[in-house]
Amino acid sequence: QAKLEGRGGSRMFKSDMGSQVRARRLFDRDLRQAIACGEFQLVYQPQTTIGSGTIVGFEALLRWRHPERGDIPPAMFIPVAEDSGSIVQIGEWALQEACREAAQWTQALSVSVNVSAVQLHHLAFAKLVRDVLEQTRLSPDRLELEITETALIRDLDRALWTLRQLQALGVRIAMDDFGTGYSSLSTLRAFSFDKIKIDRSLVRSVDSNEQAAAIVRAVLGLGRGLGLPVLAEGVETTEELAFLKQECCDEAQGYLIGRPLPIEAYEHIVRLADVSRIAAPLVWRRLA
Ligand code: C2E
Ligand code: MG
Ligand code: MG
Ligand code: MG
């Protein structure tokens, strides 16, 4: 009987795989059409210095507003788009859109764009970035590209070659989700990143959990040793922020400071005339 069940089980599994593949293919077809149909949107999340709470830039995050399925989070569609290669077109759209948007800001704030491994391994990626900067007339020093360590695993030499070209353009390269991959430390040796972003899984409860605190302190020490600013992702409470401030972390990003929202929500910040007034006063007043 066990045998029968086994066979049935495996048949079920196979047909299940078949329908999964079909579903993925349909999903990817939708994904490709979504660019043309204008279903993608970028939302922007502020990044602030921890010392004074000054907003220094925004991270652009993709949203897919599907007409029937509603909002589909990036965690659901980016892996599919990476598998099929459609991330190349989607990523190009996101880069273009973020640079076009940032070029209109009256403040010289930076914009951070996430780059997937597939895009980075595309030979023409550095040229694309150069062309987009030229077209949008965004100064290269206002663009930051966020790379995850996994992006560097597949073909390190080619990735490094592209990253060096990008840095030569004047674009900054941040290591995203630091502490979640396999080779964080060797990757930091292989390339001179401009910033480390500590993953939010390491930042959570840092004020109350001794292990979390020790790990974040170690990453901050690493940043100091390498002369790299460190940004903490996913800061949700004033206690976490206070801890990070006490430990001299450079920058923070998270729901406590601001949610990822359509740029209209931050219009008063990106179009302010006086840069010294760009702050997140509410949060920082609570902190003091
Ligand atoms: P990420 O680059 O590490 O982005 C940070 C994620 O954390 C975002 O999720 C953001 O909404 C979320 N987040 C920020 N602050 C908080 C917080 O205080 N609490 C919690 N719980 N979450 C917070 P999101 O927007 O769902 O994006 C997920 C991931 O999808 C991103 O992680 C990034 O890897 C990828 N992604 C997003 N946009 C793009 C894109 O344009 N291109 C590529 N290749 N990947 C993208
Ligand atoms: Mg990111
Ligand atoms: Mg991250
Ligand atoms: Mg992430």
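How many of the five residues of strand β4 (residues 110-114) are buried? Four of them are, which leaves the strand mostly covered, where buried means under 20% relative accessible area, exposed over 50% and partly exposed in between, with a 1.4 Å probe and protein chains only. The legends below begin with the whole model and then return to this strand.

**Figure 1. Overview of the predicted model.** This is a predicted model, in which local features need pLDDT of at least 70 and side-chain atom pairs count only at pLDDT 80 or more, while totals for chains, interfaces and linings use all residues. Residues are numbered from 1 along each chain as its sequence is written, chains are lettered from A and ligands numbered from 1 in the order in which they are written, and side-chain values use heavy atoms, with hydrogens and water left out. The protein has 12 helices and nine strands, taken as DSSP runs numbered from the N terminus (helices H or I, at least four residues; strands E, at least two). Of its 288 residues, 45% are buried. Among contacts between residues at least 6 apart in sequence, 70% join residues at least 24 apart, contact meaning heavy atoms within 4.5 Å.

**Figure 2. Strand β4 and its two parallel neighbours.** Strand β2 (residues 55-66) pairs with β4 in the parallel sense over four bridges, two strands being paired if DSSP finds at least two bridges between them. Within this pairing, Ala60 has Val113 of β4 as its bridge partner. Strand β5 (residues 143-148) also runs parallel to β4 and is joined to it by four bridges, with Ser112 partnered by Glu144 in β5.

**Figure 3. Strand β7, covered on both faces.** In a regular strand the side chains alternate between the two faces of the sheet. In strand β7 (residues 195-198), Lys195 and Lys197 lie on one side and Ile196 and Ile198 on the other, and all of these residues are buried. Strand β6 (residues 172-178) runs parallel to β7 and is joined to it by three bridges; Met175 stands opposite Ile196 in β7. Strand β8 (residues 230-232) likewise pairs with β7 in the parallel sense over three bridges, and Ala232 in β8 is the bridge partner of Ile198.

**Figure 4. Packing of helix α3 against helix α5.** The axes of α3 (residues 87-103) and α5 (residues 125-136) come within 9 Å and cross at roughly 30°, the axes being lines fitted to C-alpha atoms over the stretch in contact and the angles running from 0 to 180 degrees between N-to-C directions. The two helices are therefore roughly parallel to each other, a term used for angles under 35 degrees. In α3, Glu92, Leu95, Gln96, Cys99, Arg100 and Ala103 meet Leu128, Val129, Val132, Leu133, Gln135 and Thr136 in α5. By class, this contact has seven nonpolar, three polar and two charged residues, where Ala, Val, Leu, Ile, Met, Phe, Trp, Tyr, Cys and Pro count as nonpolar, Asp, Glu, Lys and Arg as charged, and the others, Gly among them, as polar.

**Figure 5. Ile87 and its surroundings.** Ile87 belongs to helix α3 and counts as buried because its relative accessibility is 4%. Leaving aside residues up to four places away in sequence, Ile87 touches Ile78, Ala81, Glu82, Glu92, Ser116, Val118 and Gln119.

**Figure 6. Trp161 in helix α6.** Trp161 lies in α6 (residues 156-169) and is partly exposed, with a relative accessible area of 46%. Trp161 and Leu120 are 41 residues apart in sequence and 9.9 Å apart in space, C-alpha to C-alpha.

Terms used
Parallel < 35°, antiparallel > 145°, perpendicular 65-115°, else oblique.
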